[in-house]
Amino acid sequence: DEGNWTGMVSREDDLVCFAEGRIFFVYGQNPEPPDVNLQVRRCDRKKHGAIAPYSIVVDEKTGAIYYAAKDGIYALEGTTPKYISRLIEPDWKTINTAALDKVACVIDDDRLWVAVPYGAAQTTNNRVYVFHLRKPWLPVTVFTGWAPSCFAKNFLTRQIYFGHATAAKVM
């Protein structure tokens with residue numbers, strides 16, 4: 001059982017489709033209609049699909065796709081997911097699993113921002129982790145007091161905005 005579909009992104013010539021429990025790659029062999037021949041390939045690793053639609057983000061510099069799964073954050077740099085959230089494993093165990101579909105991510109200046117519902121009874125994102133993508137040996141930065149339900153990035157000004165889950169405003 002793959003679970004619910006959570007999102008899809010385009011990466012080079014592939015369409016990468018995410019379900020809660022699996023990743024699928026869709027690619028065509030003939031780009032000209034009417035002879036389009038689509039192929040679908042499943043990722044070999046079960047249980048590592050995206051649990052949250054707003055968590056799926058593409059690093060424009062490398063083409064890697066980052067997303068939240070049930071057991072942590074993953075990077076899809078080819079066709080195999082790579083677990084990258086070892087530094088926050090103790091915290092991830094305290095996240096409200098019933099609200100995991102609320103996790104939201106954004107990439108800015110080689111950093112991955114991940115907003116999560118921290119705490120067993122928490123139903124909105126209330127903690128943000130910042131991973132250093134090009135320098136993974138650096139510690140993860142943690143922010144509290146925010147409630148990002150989703151992120152947006154202004155590519156002209158390089159500013160990040162987020163929808164505040166509890167104050168009904170954009171910050």
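Colleague: By class, how many nonpolar, polar and charged residues does the lining of the largest pocket have?

Modeller: Please bear in mind that this model is predicted. A lining may be read by sorting its residues into classes. In the largest pocket, the lining has eleven nonpolar, three polar and four charged residues.

Colleague: What is the volume of the largest pocket, and which residues lie nearest its centre?

Modeller: The volume is about 320 Å³. Of the 18 lining residues, K82, I84, H132, L133 and P136 lie nearest the centre of the largest pocket.

Colleague: How do the residues lining the second largest pocket divide by class?

Modeller: The lining of the second largest pocket has five nonpolar and nine charged residues, with no polar ones. This pocket has a volume of about 270 Å³ and is lined by 14 residues; V58, E60, I107, K153 and F155 are those nearest its centre.

Colleague: Which element gives the most to the lining of the second largest pocket?

Modeller: That element is β9, with three residues. Both β5 (57-58) and β9 (104-108) supply at least two residues each.

Colleague: Turning to the sheet, in what order do its four strands stand?

Modeller: A sheet is read from strand to strand. Here the order is β1-β2-β3-β4, in an open sheet with antiparallel pairing. The edge strands, β1 (5-11) and β4 (38-42), each pair on one side only. On average, neighbouring strands are turned by 20° against each other, direction ignored.

Colleague: How many bridges join β3 to β4?

Modeller: Five bridges join β3 (residues 22-28) to β4, and the two strands run antiparallel. As an individual case, F24 has R42 in β4 as its bridge partner.

Note on methods
Residues numbered from 1 in each chain as written. Predicted model: local features only at pLDDT ≥ 70, side-chain atom pairs only at ≥ 80, totals over all residues. Heavy atoms only, no water. Pairing = 2+ DSSP bridges. Axes fitted to C-alpha atoms, helices over the stretch in contact; angles between N-to-C directions. 1 Å grid on protein atoms, 1.4 Å probe; cavity = no way out; pocket = protein on both sides within 12 Å on 5 of 7 lines; lining within 4 Å. Points joined across faces, edges and corners; volume = space filled by probe spheres on them. Nonpolar A, V, L, I, M, F, W, Y, C, P; charged D, E, K, R; others polar.
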